[in-house]
Amino acid sequence: MRIIFMGTPDFAVASLDALVQHGYNVVAVITAPDKPAGRGLQLQQSAVKQYAVSKQIPVLQPEKLKNPAFLEELRSYRADLQVVVAFRMLPELVWNMPPLGTINVHASLLPQYRGAAPINWAIINGEKESGVTTFRLQHEIDTGNILFASKVAIREDETAGELHDELMKAGAEVLIKTVEALSSGGIEGTIQNNVPAEELKHAPKIFKEDCRINWEQPVDRIYNLIRGLSPYPTAFTSLQGKTLKIFKAGKELAQHDHAPGSVHSDHKTYLKFAADGGYIRVEELQLEGKKKMGVVEFLRGFRFETT
């Protein structure tokens, strides 16, 4: 079976590596163009490209997926199957090209959490479980027939980064199971459950304003937001006019009459913000212009007024 793999970030590398380690014939990799990054704006290769180059797999990096030259080159590889993991939307000209079609590994239990940020939103919404799903691509995003799925429990204190790593491994395992099934005769899969629109939970792209903490919200909701945005793009608030990113925090349930967002600290061991129904106790943070650090180190070097 000739396979073309499409993906860009670290999450996709585990699936690509699993295909290679299981002896599948990955004839080419499609990934994002190199982008300037860092202070020197040096061109940075995607994680998938770096892996493909290390394994001497041909790499294609089209700016536009409908470009005739790219489509001709893609066709020349005569792929039987295309695998997509954390890439971008494909035009029908691309996903309908191979005889076995195109399958996608998605980091949620479809049909829930269709969209760009399923890992983040599952934790932000306080879910107790997540998972990975392989499905066939069709016209509407993340709606094709489900092939296989695997559930993963979400711990009470788990961050998006930690869940990302668990789902990355689970996704690679489910992908191999899917490709094995397709290579031994094929499977049609099952139509996604017809969940009423009002019951569907979505996972849209996260923007900066989604990351701003609203201290008037319940403490559980704020705690989940911090976990769901850690380590990236990171929940933030302000402290004495400067942006304060919060990477890790605990929650204290308590009745109080402090103003939402008011700051409380002994200036030695703890820093916490008042919220509806309790406090958010900051454990790891980064103040604008400073490095990321634990709260004790932060309190040694920064003076501020508390309520």
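Begin with the largest nonpolar core of this predicted model, which has 39 residues. Select F5, L19, V29, V83, I103, L167 and V179, the residues with the most contacts inside this core. Next, colour helix α6, residues 160–183. This helix supplies eleven residues, the largest share of the core.

Now centre the view on I103. Which residues is I103 in contact with, leaving aside its neighbours within four places in sequence? The list comprises L81, Q82, V83, V84, F135, L137, L147, L175, T178, V179 and L182.

Turn next to strand β1, residues 2–7. Is this strand mostly covered or mostly uncovered? Strand β1 is mostly covered, with five of its six residues buried. Two pairings of this strand may be examined in turn.

- Select strand β2, residues 25–30: β1 and β2 pair in the parallel sense over five bridges. Within this pairing, R2 stands opposite N25 of β2. To follow the chain from β1 to β2, trace the path through helix α1, residues 10–21. This β-α-β crossover is right-handed.
- Select strand β6, residues 81–85: β1 and β6 also pair in the parallel sense, over five bridges. Here the bridge partner of I4 is Q82 in β6.

Finally, return to the largest nonpolar core, of 39 residues.

How values were computed: Residues are numbered from 1 along each chain as its sequence is written. This is a predicted model: local features need pLDDT of at least 70, side-chain atom pairs count only at pLDDT 80 or more; totals for chains, interfaces and linings use all residues. Side-chain values use heavy atoms; hydrogens and water are left out. A nonpolar core is a set of buried Ala, Val, Leu, Ile, Met, Phe, Trp, Tyr and Cys residues joined through side-chain atoms within 4.5 Å. Buried means under 20% relative accessible area, exposed over 50%, partly exposed in between (1.4 Å probe, protein chains only). Helices (H or I, at least four residues) and strands (E, at least two) are DSSP runs, numbered from the N terminus. Contact means heavy atoms within 4.5 Å. Two strands pair if DSSP finds at least two bridges between them. A crossover is right-handed if, with the strands pointing away from the viewer, the path from the first strand over the helix to the second runs clockwise.
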